[in-house]
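Here is a friendly walk through one protein model, written to be read with the structure open beside you. Turn the model as you go and look for each residue as it comes up.

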Amino acid sequence: AHHYNTALIVASSGAVLGKYLKQHPVQTMEATTIAGRASPTFPTPAGRLGVAICYDFDYSAVTWQLVRHGAELLIVPTYDAESWSDLQHVQHARMAQARAAEAGRWVVRATSSGVSQIITPRGEVMASLPNHASAAVRATVYPLAHRTPYIKLGYLLPTACVYLAILLLLLAACRRQPELPRMMPHSRNHS
């Protein structure tokens, strides 16, 4: 049977504000999971929330879409396998730091095992719980509405750089090479 990996957004009153369907199921672990397509955001007293699930945050386009749809804060419920090494947990946590910096948004990453974090809009970890910690972490976060150059332009700059490099290579290949002067062979007089 096929299913969606779903995050429910629940108000403090218990009312369901909406749901987010994971867009990037892990190929080896979620073979029967149907990928979601929408990037909804949810108005709350803390600001407009954008939610992504675990592996979604490995894809910058998910964050880009959430912020383009008005997300002021980003929430990431994450399942990092308990069997992973500490290095794998840390590496996956770094993806959230990259997304925070790209989007210019606070990110709250809560994990089942692994590294839970509260990350500043500059990608810096403000508060963190290491793998296997059983405690709570707190920090004050603020909704932000500005747009970073990445959110405004997306992949325009890297794409422009690729096209410029191709153009320069073509120009260099088409440019005529100057002819080298021909050297006259030296004749020797043998007497």
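Is Cys 54 buried or exposed? Cys 54 has a relative accessible area of 9%, so it counts as buried. You will find Cys 54 in the loop between strand S4 (47-51) and H1. Its backbone deserves a look too: phi of Cys 54 is near 45 degrees, a positive value in a residue other than glycine. Please keep in mind that this is a predicted model.

**The nonpolar cores**

The largest nonpolar core has 22 residues. Those touching the most other members are Tyr 20, Val 51, Ala 52, Phe 57, Leu 66, Leu 74 and Val 107. Several elements give two or more residues to this core: strands S1 (6-10) and S5 (73-78), together with helices H1 (60-68), H2 (86-103) and H3 (149-153). There is also a second, separate core of five residues, which includes Leu 49, Leu 73, Trp 106 and Ile 118.

Leaving aside its neighbours within four places in sequence, Leu 66 is in contact with Ser 39, Pro 40, Thr 41, Gly 50, Val 51, Ala 52, Ala 71 and Leu 74.

**The S1 and S2 hairpin**

Now move to the start of the chain. S1 pairs with strand S2 (residues 16-21) in the antiparallel sense, over five bridges. Within this pair, Ala 7 stands opposite Tyr 20 in S2. The two strands form a hairpin with five residues between them, and Gly 14 in the turn has a positive phi of about 100 degrees.

**Around strand S7**

Strand S7 (residues 116-119) is where Gln 117 is found. Is Gln 117 buried or exposed? Its relative accessibility is 4%, so Gln 117 counts as buried. Leaving aside neighbours within four places in sequence, the contacts of Gln 117 are Ala 93, Ala 96, Gln 97, Val 107, Val 108, Arg 109, Val 125, Ala 127 and Ser 128. Both faces of S7 are covered: Ser 116 and Ile 118 are buried on one side, as are Gln 117 and Ile 119 on the other.

S7 also has strand partners. Strand S6 (residues 106-111) runs antiparallel to S7 and is joined to it by three bridges, with Val 108 having Ile 118 as its bridge partner in S7. S6 and S7 form a hairpin with four residues between them, and Gly 114 in the turn has a positive phi of about 110 degrees.

Strand S8 (residues 125-129) pairs with S7 in the antiparallel sense over four bridges. Here the bridge partner of Ser 116 is Leu 129 in S8. S7 and S8 form a hairpin with five residues between them, and Gly 123 in the turn has a positive phi of about 90 degrees.

**Salt bridges**

How many salt bridges does the count come to? The count comes to four, and the table includes some of them.

| Pair | Closest N to O distance |
|---|---|
| Glu 102 and Arg 99 | 2.8 Å |
| Arg 122 and Glu 124 | 3.6 Å |

The surroundings of these pairs can be described residue by residue. Glu 30 is buried, with a relative accessible area of 15%, and Lys 22 is buried at 3%. Glu 102 counts as partly exposed at 21% relative accessibility, while Arg 99 is buried at 6%. Glu 102 and Arg 99 are three residues apart in helix H2, so about one helical turn separates them. Arg 122 is exposed, with a relative accessible area of 65%, and Glu 124 counts as partly exposed at 39%.

**H4 and the segment after it**

Finally, look at helix H4 (residues 156-174), where Tyr 163 is found. Tyr 163 is exposed, with a relative accessible area of 58%. Together with Val 162, Ile 166 and Leu 170, Tyr 163 forms a nonpolar patch on the surface, with about 420 Å² of accessible area together.

Leu 180 lies in the segment after H4. With a relative accessible area of 72%, Leu 180 is exposed. The C-alpha atoms of Leu 180 and Leu 153 are separated by 47 Å, and these residues are 27 residues apart along the chain.

Methods. Residues numbered from 1 in each chain as written. Predicted model: local features only at pLDDT ≥ 70, side-chain atom pairs only at ≥ 80, totals over all residues. Heavy atoms only, no water. Patch = residues over 30% accessible without salt bridge, like charges linked within 9 Å, V, L, I, M, F, W, Y side chains within 5 Å. Areas by Shrake-Rupley, 256 points an atom, 1.4 Å probe, with all protein chains shown as cover. Salt bridge = Lys/Arg side-chain N within 4 Å of Asp/Glu carboxyl O. Buried < 20%, exposed > 50% of the residue type's maximum accessible area, 1.4 Å probe, protein only. Core = buried A, V, L, I, M, F, W, Y, C linked by side-chain atoms within 4.5 Å. Contact = heavy atoms within 4.5 Å. Pairing = 2+ DSSP bridges.
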